Structures are given as structure tokens and as C-alpha cells.
Amino acid sequence: MGFLAVALLVALTPGANNLLALRHAMVRGFGASMVGVCGRLIAFAILVVAVVAGLGPLLSASVWALTLIKWAGVVYLAYLGITVLWASFRRGGDPDDAIAKASEQVRPTLTALARKEFLVAISNPKAVLVFTAFVPQFVVAGHGSLTAQLAVLGALYLVAEAVAAGVFAAAGTVIRAAQMSRQAHRRLDRATGVALLGMAGLIAAESATA
């Protein structure tokens, strides 16, 4: 169970996906946010399968593949950040009634929530490193099939991700229940947008110096 504890600490690290779980819960509630998290888990499951199939080391050693993943992540995170910021500033100039109507109309579908989580997760270079470098460290030689151990460890990490996502979604639900003023909600949205852009910038900087 030592791996699960460490994996939970890694999964609880604030990142783009956890930020999405928080915001989705604020917009649609806890249940909808967790449905969106399924997109993240599917992306990570694909990475687990790749590692189990023996593609992990090849992927992590491929400079062009990691570069492609990094820049895809940069572009998508920047897009999400700009979208959130743009929406918050547009709402900022509307009368109260128009804001209320816009809030009711702009309710992303469950499919859209899952798609965002999936795209952010699958294009996150740090997620690739988690499954290609972090998880394999806990494989113990002489304790059965390496493939089976990788599969079990990968599944346990997915459990840790689901728990971490639930924590952030619960926090978003609490914020939603607090019924913040529209001004406070706009400020939080803007902070979210800036954070997403900041994450995109960090990944871009890492890409430039790699």
C-alpha cells in the first residue's frame, strides 16, 4: 500500500486536470465533474496500456514524441485559459439579468467536460513521465510477472487519480454551494484562466530549455 500513498500525494498535486475538476464542479456540480474525470482516467488508462505493452520506455526516450506531446499540451492549456478569461470578461460587462441567462445557457455537456479532461491528460508530458518513469520504479523483480505488476500499479494510480479528483471536485462543490457573488465568481474564473496560461507557459519554457 506504500505505492498507493505515494501515488495519492502525486495525484493531489495541483495541476491542470485537478483545476478542471474544481471548476467543473463549480459550474455543473460534483456528479458532473466526476463524470468529466472519466475522460482523464481513460487517457491515463491508455498510457498504462502503453507501458504494459512495453511502449513506455520507447515513448519516454523519443525526443520528437515528447516534444509533440509538450506543445500539444501548451496549445490546449493556452486555449482553455484564454477561453475562461474571455468568458469572464464578457460576463463582466453584462447587466445582472443577462449574466444570469448566460450562466443558465452556457452549461457544458458531460461529454464536453470529459473531452476537456481527456485532452488535457493525454497531452500532459508530466503524465507521460508518471507512467513511464515513476510507476515502473515500484516494480519488484522476482515478485511475479512484470507485466502484471505494471498493470496493477497502473490501476492503483488510476484509483489515486480518481480520489484526488474527488477532493478537488468536492472543493468546487463547496464553493458552488457558498453562492459567491457574480463578481467573486468572475475573479475566480480569471484566476483559473491565468493559472491555466501559467501552466502552458511553464511547459513551453521546459520545452524550450529541454
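A salt bridge is a side-chain nitrogen of Lys or Arg within 4 Å of a carboxyl oxygen of Asp or Glu. In this predicted model, R40 and E161 form such a pair, their closest N and O atoms lying 2.8 Å apart. The structure holds two salt bridges, and R40, E117 and E161 are joined into one network through shared partners.

**Salt-bridge network**
- E117, at 0% relative accessibility, counts as buried, and E161 does so at 6%.

**The loop residue S123**
- S123 is located in the loop between α7 (110–122) and α8.
- With a relative accessible area of 8%, S123 is buried.
- A polar atom of the S123 side chain lies 2.6 Å from the backbone oxygen of L119, and the side chain reaches the backbone oxygen of V120 at 3.5 Å.

**The second largest pocket**
- The second largest pocket contains about 470 Å³ of space.
- Its lining comprises 23 residues, of which P14, G15, A16, N124 and K126 lie nearest the centre.
- Elements giving two or more residues to this lining include α3 (30–52), α8 (125–134) and α9 (146–177).
- The lining residues divide into 14 nonpolar, five polar and four charged.

Definitions and conventions: Residues are numbered from 1 along each chain as its sequence is written. This is a predicted model: local features need pLDDT of at least 70, side-chain atom pairs count only at pLDDT 80 or more; totals for chains, interfaces and linings use all residues. Side-chain values use heavy atoms; hydrogens and water are left out. On a 1 Å grid over the protein atoms alone, a cavity is a set of points where a 1.4 Å probe fits but cannot get out, and a pocket is an open set with protein on both sides within 12 Å along at least five of seven lines; lining residues have an atom within 4 Å of a point. Grid points are joined across faces, edges and corners, and a volume is the space filled by probe spheres set on the points. Helices (H or I, at least four residues) and strands (E, at least two) are DSSP runs, numbered from the N terminus. Ala, Val, Leu, Ile, Met, Phe, Trp, Tyr, Cys and Pro count as nonpolar, Asp, Glu, Lys and Arg as charged, and the others, Gly among them, as polar. Buried means under 20% relative accessible area, exposed over 50%, partly exposed in between (1.4 Å probe, protein chains only). A polar contact is a pair of N or O atoms within 3.5 Å; within protein, one must be able to donate a hydrogen and the other to accept it, and residues adjacent in sequence count only if both atoms are side-chain atoms.
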